[in-house]
Each structure stands twice: as C-alpha cells, then as structure tokens.
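The structure is shown first.

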Amino acid sequence: MSRHALSVRSLTVEFATARGQARAVDEVSFDLVPGERLGLVGESGSGKTTTALSLLRLIRPPGRIVGGEIRIAGADVLAASPEELRRMRAARIALVPQGAMSALNPVLTCGAQFEDLFAAHGERGGAARIAALLASVGLEPQVAGFFPHQLSGGMKQRVCIALAVALRPSVIVADEPTSALDVIVQRQVLRTLVKAQKEAGAAIVMVGHDMGLMAQFAHRIGVMYAGRLVEIAPVRDIFADPRHPYTRALIESLPDLERRGEFRGLSGLPPSLLDLPPGCAFAPRCPRVVERCRVERPGPTLLAGGREARCHFAAEPVHAG
Amino acid sequence: MRRALNLAREEPGLIIGLVILGGLAALSAMAPLLVDVSLAEIGAARPRRPPGAQHWLGTDGQGRDVLASLLVATPRTLFIGLLAGLIGLGLGGALGLVAGWFRGAADAVIRTVADVFMTIPAIAVLVLVGTSVRSMSVALMALVVAGLSWMAPARAVRAQVLSLRERPWIDVARLNGQSGVAIVAREILPNLAPYLAASFVVAVSTAILATVGLEALGLGPQNELTLGMMIYWAQYGGAILRGMWWWWAPPVLALIAIFVALFLISTGMDRLVNVRLRAAS
Amino acid sequence: MWAYVANRIGLAAVVVLIALSVNFAIPRIMPGDPVEQQLAAISAAGGQTGDMAEAAKALRQRFQLDRPIWEQYLGYLWNVARADLGVSVANYPQRVSEIVLSGLPWTVGLLGLSTLISFGLGTLTGALMAWPSAPRALRLLALPLVLVSAIPYFVIGLVLLALLGIVWPILPVAGGYPFGQVMNADLPTALGVLKHGILPALSIVLASLGAWALAMRGMVVSVLGEDYMMLAEAKGLTERRIFLAYGVRNALLPQFTQLALKLGALVSGAILVEVIFAYPGIGYKLYVAIGQKDVFVVQGIVLLLSLSIAAAMLILDLFYPLIDPRVAARSS
C-alpha cells in the first residue's frame, strides 16, 4: 500500500491531428497524499484538463494516453481492464465535471442519478442515503425528486459534488468546477467542495485558470505550459518566490488591489503543440531567455520543500523583470 | 477540371446522383432519335407483347411501346418535379425571407400558416383538388404540388436569415446606410444561395413523390404519360399479377433511379454546404 | 403544465377547423356547378349502381347551393359534428360514415403496427450505428438503408409484390384476409389476417426504416458529445446503462418530434401501399371511390385523414412531457 493517494509518473497524452501527433500532456509527474488539494493552472490548451481527464482514463479518440503510470492508492489505472476501470471510477477516483449546466442527464431526476451510481457499484442507495449526501453539500432532500432543469447552476454543481463524494473515493478530479458559475456562487461551491472533500478524506486535483481562486483553495499549485508541468510548489512558496518565469508572469497578471490599473501580461501566444521549439517551450516568450534555453530542454529541478521547476535557472529566484 | 476531380473524391454520391439524373435527361432528350415516339400512343402496337426485336421492352395493355413510353414519360415527370420544386422554392424562399427579415407580425403569420400546412396531410388536399377538377394536366399538377411544398424551404430560409442578420457584416452594411432591400440583395441572398440550392433538391424530390402518389391513385393526367401514370396503368391492367414484368418494371426502375439520384445529390450538397460553413467560420 | 396542455389542444382545434374549411371550400372554389359536374363525372365513370335520380337529389340537398355561403358552412359543420358525412353516390344509399368506418380498423392496424416496428427497429439500429463500441458490421448497413429509404413506399410495395407474391409466391398478394373466409374471432381468421398483412407491412417498414435509423444515428452522435455522457462514464456506469438511459433516452426526444412531423408522409405512404395490395383499409377505399367519382366518400376519407393526423399529433404532443421533463416547463 502506497502512502500516496495519487501518484502520476511521466504521463504523456497525444492527439492525432491531420498534421501529425500533438503532444497535449508531456511527461507530467506528481504525487498527492491523502486529503491534499492540488490546483493545476495554465492557459487554455496548456494540457491541464487533458491531464485531469487522463487520471480517469476519460480521453477520447483522437486523443490517447501513450505512456506513463497512474496509481490511485497503489492501484494501477492504466493497466486496468475495462471492467476494473469501470469499478475504479467513482469508487476510487471521481469527477466533478466542467459543464455544471449540462453535466446531469436532463431526463432523469437527481435521485435517479444517485441511484444508478450506487447500482453500478453494487451498493444500496435509498432516500436516506441520498438525503444525507445532499445535506452534505447544503441541499434539501426534495432536490432528489427534481429534474436538472429545475435547479440553478450552483445547485447542479452541488449535486455533482455530492455524486463525486458518494462512494468516498481516494481522489476527486475537479475540472474547472466553477467556470460556468457567477463569482459569488463560485466561492460557495468551492467551500462546499472543500467541505465534502474533507469529510470524504479524499485528495483532490482541481483544474482552473484563476490563480487567485486557486490560492484560496489549494495546498499546492502546479503550473502547466504547452503540455508540461513547469512548476509545482506549495501555495505560499509559489506566490512568494516563483521559480519559473511563466509562473511569475501568471502571478503578475493577477489584478492587484494595491497596484490598481497596472496590468502586466505576457506578450505573445503559447506555441502550437504541433510545432514546439526544440528547447524550452516557453523560450520564445521568456524575459530571461538565453541561448541554452533555445536548444536544451530543461529537466525537472528539485528544490527545497518538495518543490520542482522545469527551468535552467530554477535554483535562483526569478527577479521582477 | 481539378476542382471537379476534387469534388468527385470528396462527394462521390453527389457526382453519382448528378450522372444518373443527367443520363436520364440526356436519354430522354435523344428519345426521337432512338425510338419512334409515336409508338407511345394508345393502340400504336399490338398490346401485351413481351420484349423482342420489334419492341425492345415489349408493349403495354393499351398497345403502347414501353420503351417509347418510358422515354416520353421520364422527362415529363422530371419536368413536373422541377417546375413544382421551383415554384415551391420561390414561394417558400420569399416567405422565409420576409419572415426572417421583418420578423414581428409577418413572421408570426407566416410561421403559423406554415405550421398548420405541415399538419394537413398533403395527399388529402391533392386528392380533393384532383377529384374537383374536370381534367388534370401536367402544369396544374405541378402548381398544386408546389402549393404544398413551400413550407420546408420557408422554414429553412427563415432560420438562415434570422442567423445571418445578426452577423457583423450585416451591421456594417446597416451602419453604412444601405437600405434593407439592398442589404437583402447584396449581403443576405448570396449567403443563402447554398441553402436555396440544397432545399431546391429536396423540394423537387418531394414534388415528384407527391405527383407520383397522386397518379398512382388515378388522379394524374389521363391523357399525358408520366412515370406515375405508367405505373397506374400497369397496376390498373393487372400487369404484376399477370407476370408482365416488362410493363411495370421499367417505370419503377426509372423512378427508383430518380429518387436515389435526388437523394444522393441532396445529402452530398448538404455535406458540402456544411463543410464550407465550417471552413468559413 | 396545464398551460401546455391547453396550448396543444388549442392548436389541434385550429388545425381541425382549417381542415374542415379546406374540405368545405375546395369543391366550391372549382369552376362550375359542383352537382352538375359530379353527376356528369359519375355517369362518365359508369360507376353508378344506385338510383341516379335519388342520388342527384341527395347531392343537391347536400350542397344546399341556394343558401348563403355561411349557412352552407354552418350546415356543413353541423353535419360533420353529427358524424353525418352524407351518402355514397356510387353505392346509394350506403352511408359514407359506414364505408369509412369499415376501412378504419384495417388501416389503423396496418399503419400502427408497421410504424411501431419500423420506428423501434430503425431507432435501435440507428443508435447502434452511432455507438462507438457497437459491431462495425452495423455501420455497413448505412448505405443500403439510406438508398432504400429514398424510394417511395408504394414503389417498394410493387417490387415486394412482384418478388414475394409472383416470382417466389410465398405470401398472399391482395386483400386483407383469405378470400371467402368468414371473419370470426378465432385462430384461423387471425392467422389469415396476419398473413395478408405481412407484405403491406413489410413495404411500409422497409420504406421508413432507413429514415428512422439515419435520424437516430445523427441524434446519438450529437448526444455523445454532451457533458452528461462524460459524467456517466466517470460514474462508472455499465456501458449498457449509459447507452440506454443516457444515450438512447436523450436522442429519443428529437426522434419523437420527427415522428410527429412525418405522420402526414406516413399516412400518405400507407394509403398507396394499401392500393397496391388491395388492402381493405381507407386508402384502398379512397382509391375505389376516386375511380367511381364517389365524391362524398372521397371527402369523408380525406376529412378523416386530416382529423386523425391532427389527433395523432395531439396525442404525441401530450405524451411528450412524459419523455422530456423540460417540455412542459419550457412552454409555460
């Protein structure tokens, strides 16, 4: 039995396109201890959602997991047979989906969508069990009798959270769980998610693009760029002392109450996954780029405090440019 | 030439459909050269002869040469379809344009009428008209059928106009002070062209289906030979039960060829339109 | 909910009224005196078997042409409301309602059964054609299904009649029951009726199967991309459950809309199939009446067709909220 709730090693995912194989996730590795909350951030197309869905093997063609290893509490996800995988899903690793508005089956009542989850895993459901789950996410028991269209977006996402924790999984994958909601509801739903996650004792991987929201939610933050995990570190450290220039750029692009009106973004666009630069993928946009960055791809640099960054200069703090 | 080859590779169905239809039309156009067309008159030959050297496809129960009949009837059926399709499309397109562009009351009225017309079975109206007129002619039939096939194009065009009018370039034209008519003519109509073409094929197919149905019920033009009337006479004369396959099979095969061809063309065009749209957006 | 029901019933009432008005108007719009024309047509057709003078009187009385038009209209509506559709001119004094009603069970049985079969079979086939892990061979079905669905019902009927009735005669080719059979509620009668129904039903099923399959395939493909399908998979549901309760169930909604829209075409198609097989439903009765220029019978059947389609659409509309819980909410 591993002490890790989730262990990901060199996960690589490729998408077949007309112009060749696009590597959407490139040798991503990280571990989570039980109860830990990891936030994965990055621009759209950085591979954060693909990474999250790979954990449940939910990648559909033309996408394919081409290499690596995923273990949930020691159990090998990628080696599982279809039936083993089916039993693993929801029971060991659950998903809180992105499309809160459309993630529930419109023709079944919420209660029925709990019941079919229990039935698929050979468990007994029942009104009392569903009511307890609904209560744990702050919903009334009557919600079980409602169809999804009768609920607000925030309520639907709470139902999804209740579904995710129903079988007490070791890991919850939350793919931008609040992106479809308005700001006030976002905070409430996040609080609910954390509460439910704590009660279930699950580790959680949450994908998002809002560094600010992540800072309040996660223990650690992983930053992705062009399919690579460029930095992973505890929240406090990453904000105080980012070691990858891209992380720093993301932090600086946050609106700051003290420096109102001053907004420092990144120039340029992320590279095409079909046409990555030979060295560091961030080199074309990097403020501190040197010749070595253009030819040599930086490997992971392990730093104190369990931190890791993929930059040739990760050992030194990134100074404001 | 290369474009044509590319099209053939992407949409073989479209090309096959066009070739079948073109072949039928060409064959019919050359009919006077191939056979003696007067053999398609009643009593022109000995009735109920099986195929042979003199009559390649035999003769029917009323003494018509089946091959000559086929070559006379096919273009007439196609003509009814084209005429009815054209009228239906023109009427429906115009109504759809009005409904989509002006919206409001005009839209509400046109949409309600279209909905009600779609509920009333076409065959019921056709039968009523067919039994109420003294004699049915090819032109009258096309007109009646067109009157019942305008709803689908009207709906399609309306939906397209509604979405087109929200596009940015329409706003630009409006800001430039172009009049509504000018915008419709210059900006909307050209963008509608592919939809009009696609719904034209559907309208033609619907129209031929309706006329053939009417004819099979015995409400077609008694004095003019069409594919549907050939089948009606064959059915009337018990051709199938008497095993006279040469009498009923040729018009049936011609109809199958026409419907399959129209179907291939319409699905091919649908896909082509969608690909263009995807490429454009 | 009740607003939805009221709305649908109101719409059906409008359609019925328009159908009645069309039925009333068309014989009167046509040039010439309808009575004279009908009589001329009937004698020309030679279909007269009853008393001609009596029939002419009945016709005159029926049309009431000396009255103002609105009185004629109200009288017409009153007659229809009493189920009085007049008398057959060709077979005077048989009542039109009797003729129509005698054909109705045959048509309802044939059309209902074959539509149910083709809808069910086609829907399932189409859904499987779109399902990623279904056998590949199913996908090869698409082309033949598509091509057959492009051919009109009665043309398929003709081909089947020739193949299975004449070339390889294994099935009866005409009528609704064995010739000379006394209709009883016993097994031989039932078998005879069933056997005579096979060819017509097969024609309708074959002709409409492809359309259902293709529509369903498209619907399932678009449902596959929905977020709830991904969550269903993430919940570890069995594939069977995902396919039926998530995929097929959601794709069925638009499929039912299609059923409502295609009712008219289905009925028209079935009428012609009845003609081909001399099947004793209202389609064949219509064909016979047209041949005999029996104007009231034609009008009665046409009216019945319009009304039954309106009724069927109303029933579908009222069933719809049961399949899609969103419908009633959206329209009220």
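## The contact between chains C and A

In this predicted model, the contact between these two chains takes 22 residues from chain C and 26 residues from chain A. The area buried between chain C and chain A is about 2,200 Å², and carbon and sulfur atoms give 61% of that area. On the chain C side, C:M230, C:L231 and C:K235 lose the most area to chain A, and together they account for 27% of what that side buries.

In one salt bridge the side chain of C:E233 meets that of A:R60, with an N to O distance of 3.3 Å. There are also 13 residue pairs in polar contact between chain C and chain A, counted with both residues at pLDDT 80 or more. The helices α10 (227–234), α11 (239–276) and α14 (325–331) of chain C each supply at least two residues of the side that touches chain A, and the largest share of that side, seven residues, comes from α10(C). By class, the side of chain C that touches chain A comprises 13 nonpolar, three polar and six charged residues.

## The contact between chains B and C

Two pairs of chains touch, and the most contacts are found between chains B and C, where 35 residues of chain B are in contact with 38 residues of chain C. The area buried between chain B and chain C is about 3,500 Å², of which 84% is given by carbon and sulfur atoms. Across this interface of chain B and chain C there are zero salt bridges, and one residue pair is counted in polar contact, with both residues at pLDDT 80 or more.

On the chain B side, α5 (104–119), α6 (122–132), α10 (180–216), α11 (227–236) and α12 (245–280) each supply at least two of the residues that touch chain C. The residues of this side divide into 28 nonpolar, six polar and one charged. Chain A and chain B, by contrast, do not touch, and their nearest C-alpha atoms are 15 Å apart.

## The fold of chain B

Chain B has twelve helices and zero strands, and its C-alpha atoms fill a box of roughly 75 × 50 × 30 Å along the principal axes. Of the 281 residues in chain B, 51% are buried. Among the contacts in chain B with a separation of 6 or more, 71% are between residues 24 or more positions apart. Chain B exposes about 13,000 Å², of which carbon and sulfur atoms supply 66%.

## Backbone features in chain A

Most residues other than glycine have a negative phi, and most peptide bonds are trans. In chain A, a cis peptide bond joins A:P61 and A:P62, with omega about 10 degrees, and A:P62 lies in the loop between α1 (48–54) and β4 (63–72).

Positive phi values occur at A:E176, where phi is near 40 degrees, and at A:A226, where phi is near 50 degrees. A:E176 is placed in the loop between β7 (171–175) and α6 (183–200) of chain A, and A:E176 counts as buried because its relative accessible area is 10%, under the 20% cut-off. A:A226 is found in the loop between β9 (220–225) and β10 (228–234) of chain A, and A:A226 is likewise buried, at 6% relative accessibility.

Technical notes
Residues are numbered from 1 along each chain as its sequence is written. Chains are lettered from A and ligands numbered from 1 in the order in which they are written. This is a predicted model: local features need pLDDT of at least 70, side-chain atom pairs count only at pLDDT 80 or more; totals for chains, interfaces and linings use all residues. Side-chain values use heavy atoms; hydrogens and water are left out. Contact means heavy atoms within 4.5 Å. Buried area is the accessible area (1.4 Å probe) that two parts lose on being put together, summed over both. A salt bridge is a side-chain nitrogen of Lys or Arg within 4 Å of a carboxyl oxygen of Asp or Glu. A polar contact is a pair of N or O atoms within 3.5 Å; within protein, one must be able to donate a hydrogen and the other to accept it, and residues adjacent in sequence count only if both atoms are side-chain atoms. Helices (H or I, at least four residues) and strands (E, at least two) are DSSP runs, numbered from the N terminus. Ala, Val, Leu, Ile, Met, Phe, Trp, Tyr, Cys and Pro count as nonpolar, Asp, Glu, Lys and Arg as charged, and the others, Gly among them, as polar. Buried means under 20% relative accessible area, exposed over 50%, partly exposed in between (1.4 Å probe, protein chains only). Accessible areas come from the Shrake-Rupley method with a 1.4 Å probe; for residues, only the protein chains shown count as cover.
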